[in-house]
Amino acid sequence: MLQHTSSVVGSTRKLRIGVISGSLDVQSGRIIVGLFENTQDGDASGAHASRSGGSGRRENKDYELIALCFPTPRDKITDRARLLFHEHVNLDTTNRKKTIQRIAQAQLDVIIFSDGGHDSRTFALAHYRLAPYQLMYWGWGGTLGIKTIDYYLYPKILWTPKSCLFSNGNRLSPQELYSEQVVLLEGLPPYARVKDKESPYASGSGPEIWEKFQKFLLLPPQNRSNLYLFPGSVRQVHPEMDQAISILLKTDPLAIIIFTTPLMGRDLLPPLHDSVKNDLLHPIMPVAGVAQLKTRLLPYVGEESLKRLRFLPPIDDKTYYLLRSHVVAVLDSFPVGMHIPVLEAMAAGIPVVSAPKLQECTNSHAFGIAKSFALGIAEDEAKEFWPRTAEEYAVIAMRLAREHRLRQLFIPKSSQMSDHGAQVLSFCTKLLGL
């Protein structure tokens with residue numbers, strides 16, 4: 001096992017922080033861009049100019065960011081992420097020894113694993129001691145019990161201080177089972193937002209937009225449908241959620257549930273490409289997964305109702321966000337909840353149906369996000385909004401289709417994202433005694 005033992009204490013060299021990712025075109029890329037883009041002096045283009053001899057002030061920083069990444073398909077997020085780093089180290093997908101050597105040669109003081117809970121390669125690397133301090137950034141619901149991870153960074157607003165019941169009758173919080181320390185970050189987590197100049201909320205009348213949906217997405221007229229959006233892979237639909245979907249389809253004859261996500265770089269590549277074959281959620285709508293879900297639902301809803309499930313491939317940002325702005329609600333999954341799709345939807349004032357009481361205690365984020373945005377559903381008098389059963393989940397979704405007052409509770413009163421990047425950099429600096 002390799003170990004980097006040098007320290008910057010008493011040294012004038014800059015703090016070297018490495019970020020290890022399986023791929024930056026997916027969720028981890030959005031999180032990393034949100035984390036570090038606002039820590040720069042000026043915008044990302046200024047940072048790029050400074051490294052090229054321009055007028056940017058990036059070189060005055062007392063730290064250096066090093067990207068250590070496996071082959072990554074290019075898209076808008078990766079282009080923004082590329083500008084954040086001083087150095088880039090390409091990791092080998094076929095040779096573990098060479099990958100570890102390249103990381104060791106980077107002489108890092110701190111390593112942040114951005115997607116250790118999602119990418120099998122990053123998860124494996126997290127089990128090696130590759131730097132004096134190794135951190136895991138949020139994105140997974142809880143600590144993973146990896147002995148070589150020293151700290152787990154997590155937004156305080158999303159942390160659920162619950163205990164889990166074990167077969168022996170004992171109750172323990174998840175972090176009590178593992179050795180890594182939890183570091184709670186203040187405020188709402190940042191993420192890579194669509195720039196104003198790239199805003200997906202294009203102008204145009206409702207009828208014009210709906211005509212496009214009818215033509216390209218094969219949707220019925222607007223007054224003959226209630227659209228619900230599941231913003232994830234069909235693989236995220238756990239059998240425990242089947243009942244909620246069944247009740248929604250049977251009780252609301254106008255309900256159409258659309259499964260899709262925004263297009264990413266990897267979605268343009270074949271499943272066996274080196275950049276994507278280690279991603280367990282690629283392709284996003286596998287044929288076998290769609291067939292499995294339909295098979296589970298068929299005995300409860302019938303063949304005709306299954307036609308109102310629409311499984312779309314990932315679609316471009318503009319179409320995706322326009323579609324989302326026309327849905328009755330975004331459907332959060334259970335027993336494992338989503339975070340970035342919920343965060344985005346609530347920030348835009350889109351209603352979200354979520355069931356924290358049906359979700360695992362470390363994978364429930366919607367209530368904390370709602371509280372940060374000061375939404376009406378986070379107030380004491382709105383506690384009945386949060387469903388306790390699959391039936392209540394479906395009922396709340398249908399209420400959102402007809403109760404204007406309930407939809408108004410999703411208008412954000414606060415939308416300020418916190419600077420987690422500054423908090424993380426400050427924490428790393430203190431670790432090294434600077």
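Is tyrosine 320 buried or exposed? In this predicted model, tyrosine 320 has a relative accessible area of 3% and is therefore buried, since the limit for that class is under 20%. Tyrosine 321 is likewise buried, at 4%. The two residues form an aromatic pair, with 5.2 Å from centre to centre and 85° between the planes, an edge-to-face arrangement.

A second pair is formed by phenylalanine 385 and tryptophan 386: the ring centres are 5.4 Å apart and the planes stand at 90°, so this pair is also edge-to-face. Phenylalanine 385 is buried at 3% relative accessibility, and tryptophan 386 is buried at 5%. Across the whole structure, the search finds 11 aromatic pairs. Elsewhere, ring pairs connect Tyr137, Trp138, Tyr152 and Tyr154 into a cluster. An aromatic ring also meets a charge: the charged end of arginine 121 sits over the ring of phenylalanine 70, at 4.5 Å from the ring centre.

The strands may be considered next. Seven of them make up an open sheet with parallel pairing, in the order β3-β2-β1-β4-β5-β6-β9. Its edges are β3 (87-90) and β9 (181-185), each of which pairs on one side only. On average, neighbouring strands of the sheet are turned by 25° against each other, direction ignored.

Within this sheet, strand β4 (residues 110-113) runs parallel to strand β5 (residues 133-137), and 4 bridges join the two. Isoleucine 111 has glutamine 134 of β5 as its bridge partner. Helix α14 (residues 420-431) lies across several strands, including β1 (15-21), β2 (63-69) and β6 (151-155), and runs at about 160° to β5.

Methods. Residues numbered from 1 in each chain as written. Predicted model: local features only at pLDDT ≥ 70, side-chain atom pairs only at ≥ 80, totals over all residues. Heavy atoms only, no water. Phe/Tyr/Trp six-rings, centres within 6.5 Å; stacked < 30°, edge-to-face > 60°. Buried < 20%, exposed > 50% of the residue type's maximum accessible area, 1.4 Å probe, protein only. Lys NZ or Arg CZ within 6 Å of the ring centre and 35° of its normal. Pairing = 2+ DSSP bridges. Axes fitted to C-alpha atoms, helices over the stretch in contact; angles between N-to-C directions. Contact = heavy atoms within 4.5 Å.
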